[in-house]
Amino acid sequence: MSDYRIGDGMEVTLHFTLELEDGTVVDSTRDKQPATFQVGDGNLPPGFEQPIQGMAAGETGRFTITPEHGFGQHNPQNVQSIPRDSFADTDELEEGLVMSFADPAGGELPGVIAEIGEKRVEVDFNHPLAGRTLTFAVEVIDVRPATTH
């Protein structure tokens, strides 16, 4: 065991479980490899890094993450209406389906089919966890200075 604590310049290995308000697990490393990341590398949103600052190997914690510190509030402007005939295969469209769309920069943007109309399809580009208060449970396995490659 090291005496290192989570902070800038540290590489952290941990198990985490992410739960909705009702206890539904939306993501977890419990049944697979623990997650390893460098503090501040963007793998964890800042709202998830902040509560684990100062923790050391062997420590556990449960934190409530509000939407502002998690995936943001649900923004109605992120729901777009797209002409139905711009979808290649309209037979496969179903509400709740996650599809990939091209963003203006040429990258990929996931969108959820929110509503299918006769002529238009409503697509929600908000993060699926936007507007949700989450419980972030962690078990810190290792903390060490990050090595730069």
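Predicted model: local features only at pLDDT ≥ 70, side-chain atom pairs only at ≥ 80, totals over all residues.
Me: Where is Glu49 placed?

Reply: Glu49 sits in helix H1, which covers residues 46–52.

Me: What is the nearest side chain of opposite charge to Glu49, and how far away is it?

Reply: That side chain belongs to Arg144, 14 Å away. Glu49 is buried and has no salt bridge.

Me: Then which backbone nitrogen does the side chain of Glu49 reach?

Reply: The side chain of Glu49 reaches the backbone nitrogen of Gly40, at 2.8 Å. Gly40 is also one of the residues that Glu49 touches, leaving out those up to four places away in sequence; Phe37 and Leu44 are among the others.

Me: On to the largest pocket. How much space lies in it?

Reply: The largest pocket holds about 190 Å³ of space.

Me: Which residues line it?

Reply: Its lining includes Leu14, Phe16, Ala35, Phe37, Leu44 and Phe136. Strand E1 (10–19) and strand E3 (35–38) each contribute at least two lining residues.

Me: What about Thr29: buried or exposed?

Reply: Thr29 counts as buried because its relative accessible area is 5%, under the 20% cut-off. Thr29 is located in the loop between strand E2 (25–28) and E3.

Me: Which backbone nitrogen lies 2.9 Å from a polar atom of its side chain?

Reply: It is the backbone nitrogen of Phe16. Beyond its neighbours within four places in sequence, Thr29 is in contact with Leu14, His15, Phe16, Pro34 and Ala35.

Me: New topic. How many salt bridges does the structure hold?

Reply: The structure holds six salt bridges. One of them joins Arg5 and Glu59, with their closest N and O atoms 3.4 Å apart. This pair links distant parts of the chain, 54 residues apart: Arg5 is in the segment before E1, and Glu59 is in the loop between H1 and strand E4 (60–65).

Me: Which residue forms a salt bridge with Glu11?

Reply: Arg144 does, and the closest N and O atoms of the two are 2.6 Å apart. Glu11 lies in strand E1 and Arg144 in strand E9, 133 residues apart. Glu11, Asp142 and Arg144 are linked in a network of salt bridges.

Me: And what do the side chains of Arg62 and Glu19 do?

Reply: They meet in a salt bridge, 3.1 Å from N to O. Arg62 lies in strand E4 and Glu19 in strand E1, so the pair ties together parts 43 residues apart in sequence. Arg62 is exposed, with a relative accessible area of 55%, whereas Glu19 counts as buried at 15% relative accessibility.

Technical notes:
Residues numbered from 1 in each chain as written. Heavy atoms only, no water. Helix = DSSP H or I, 4+ residues; strand = E, 2+ residues; numbered from the N terminus. Buried < 20%, exposed > 50% of the residue type's maximum accessible area, 1.4 Å probe, protein only. Lys, Arg positive; Asp, Glu negative; His and termini not counted. Salt bridge = Lys/Arg side-chain N within 4 Å of Asp/Glu carboxyl O. Polar contact = N/O pair within 3.5 Å; in protein donor to acceptor, adjacent residues only side chain to side chain. Contact = heavy atoms within 4.5 Å. 1 Å grid on protein atoms, 1.4 Å probe; cavity = no way out; pocket = protein on both sides within 12 Å on 5 of 7 lines; lining within 4 Å. Points joined across faces, edges and corners; volume = space filled by probe spheres on them.
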